[in-house]
Amino acid sequence: MAVSESKAATPADLVTYARGRLLFRVIVDKAMGWVLLLAFVAVLFPLADMIYWISAKALPTFSVGTLTLDQVGTGGGLHSMIIGTFIILALSTTIAVGIGVLSGIYTAEFAPRRVAAAARVAGYLLAGVPAIVLGYFGFYLLVIYTGWDYNTLAGGITLGIFMVPFIYRATDLAFTNVPRDQREGALAMGASRFQYLRRVALPIAMPTMLSGIFLAMALGLGETAPLVLTVGWSNTIPQTLLQPTGYLTGAIWNFYDFPSTYGHFQTLAFQAAFLLIVIVIVLNVLIQFIAERYRRKLRGLLG
Amino acid sequence: METTTNPTASEGDPATPVLSVKGLSVWAGKKAILSNISLEFWDREVTALIGPSGCGKTTFIRTLNRMTEVSPGLRVQGTIHYRGQDIYDRAVNPVLLRQRVGMVFQRPTVFPMSIFDNVAFGLRLVRESRSVIEERVVESLRRAGLYEELKDNLHRSALTLSGGQQQRLCIARALAVNPRVLLLDEPTSSLDPSATQKVEDLLFELKQEYAVIIVTHNMQQAARVSDRTAFLYQGKLIEFDETKRLFESPREKLTESYVTGRFG
């Protein structure tokens, strides 16, 4: 028993010591945990609050008609604006993927080192151009100069230019990150450069590239400024691409300051906001899903 | 190559070397990486290239199927003939050349696709029919000694294989397009001893049908697997002889110092 008594004395010493510097450390440690948690909540809370607020305003009046009816007078739904959004997004994505992917591959695989460096800087600059400036440029070039007046195609092109740098950078990065070995291995098999790109590099670069494309789509979907200045507005689905159209961000922009007692315009603005958030969340989930699937497939190659 | 009736012809056919290098120099800017190298490679033989790091052996092996053209800034002078055809001639298609003169690298370069698709890669490049591809994939895997190990998993990702299996898969992939020459650039330097053993055993099988040229920094390996050995030092070919002679009674002082481990 004597032995165990002397052992029992040791933890008591430690407890005494914890009142000094150790206690300070314990407090700092705990406090830091709380501060970090607080910061996390500060990020999460506005997001959660916003989703709650918009859902609360949008959902009670949300019906099939919201999706299927055109907006007429002081009634109707978002149908033509949903279609308009997808037309604009399809146009801009087609343009941006075409230009962004090809120029990204050129930068990563073909361009001499100096040209590639200059191209990358240009890409960053384009990404930094304020959307409203881009919109003004689109307005001047595609609405006024062409004499087309406000039209859907102008919006698609302008939004496409907005999306290009994101896709360009993702593609450049994706192809630059393909291990050198793969290129050597493929060329030593007698593959041409094109065959190497298509059969070896493209599958490896695909996840990063797709993430960039979906990110650009999510960002483009939320842009308003390039469209306000180019697309104009319409309550019906455009018959040709040279007519104006409605679109979801435009619904918010046009309807947010209507009095809540006048028609259902405010409600439509909230429903448009709700739809935008849902589509962006779907795109982001898709990005995560693709990234995870390919990460598994390429495990052991990219580390 | 009318020597099919004589598979033990390790001397090869003296009249027709499969690759013949004359006065080969490679320049990177003003720096000579290789100077004035002349030697010949024979069918159904293993030729080893040895020499200390930086002696140019990797650059040399890459000139043999024009892989030097892949790295910018290298200038090749001199001639290399593959069965009488100058491979640096404008008329030669490097794609076809690389299928005849296959290459395997230091680190296995399997592609992120199935085992089957890896071996089929070169065949699909030349649009072989599906039945030919299937037949050749199995045959190549068998020749590389992988078929028995992998036959039930041919559609598994090749990235799941061990390093040794990956390297033999790369050899199978090169064999599938029916080469005459196999260039191996330190093929075992990233492998453990038992995987190395398997690759070396494979070399004995392969030389029954192909000319094998292997770069190695491991002199014991050169002595074990090769019929002839070339010793390169500072971009120059110092000595080229039958392996046994080069190791046992080298003519050059430098060779002797190297093979006895006095430098390198």
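Over which residues of chain B does pLDDT stay under 50, and how many contacts beyond four places in sequence does the model have for them?

**View 1. Confidence along chain B of the predicted model.** The stretch in question is residues 1-12 of chain B, where pLDDT stays under 50. For this stretch the model has 13 contacts beyond four places in sequence. Where pLDDT is low, the predicted coordinates should not be read in detail. Chain B as a whole averages a pLDDT of 90, and 94% of its residues score at least 70. For the complex, the predictor gives an ipTM of 0.84 together with a pTM of 0.82.

**View 2. The side of chain B that touches chain A.** Here 20 residues of chain B are in contact with 19 residues of chain A. At least two residues of this side come from each of helix H2 (94-100) and helix H3 (115-125) of chain B. H2(B) gives the most, with four residues. Sorted by class, the side of chain B that touches chain A comprises 12 nonpolar, five polar and three charged residues.

**View 3. Packing of helices H6 and H7 of chain B.** Helix H6 (residues 163-176) of chain B packs against helix H7 (residues 193-206) of chain B at an angle of about 20°, and their axes are 9 Å apart. Angles under 35 degrees count as roughly parallel, and H6(B) and H7(B) are therefore roughly parallel to each other. The crossing of H6(B) past H7(B) is right-handed.

**View 4. Residues joining H6(B) and H7(B).** From H6(B), the residues B:Gly163, B:Gly164, B:Gln167, B:Arg168 and B:Ile171 meet B:Ala195, B:Lys198, B:Val199 and B:Leu202 of H7(B). By class, the residues of this contact are four nonpolar, three polar and two charged.

Conventions: Residues numbered from 1 in each chain as written. Chains lettered and ligands numbered in written order. Predicted model: local features only at pLDDT ≥ 70, side-chain atom pairs only at ≥ 80, totals over all residues. Contact = placed C-beta atoms within 7 Å. Nonpolar A, V, L, I, M, F, W, Y, C, P; charged D, E, K, R; others polar. pLDDT = per-residue confidence, 0-100. Axes fitted to C-alpha atoms, helices over the stretch in contact; angles between N-to-C directions. Parallel < 35°, antiparallel > 145°, perpendicular 65-115°, else oblique. Left-handed = near helix turned anticlockwise from the far one by under 90°.
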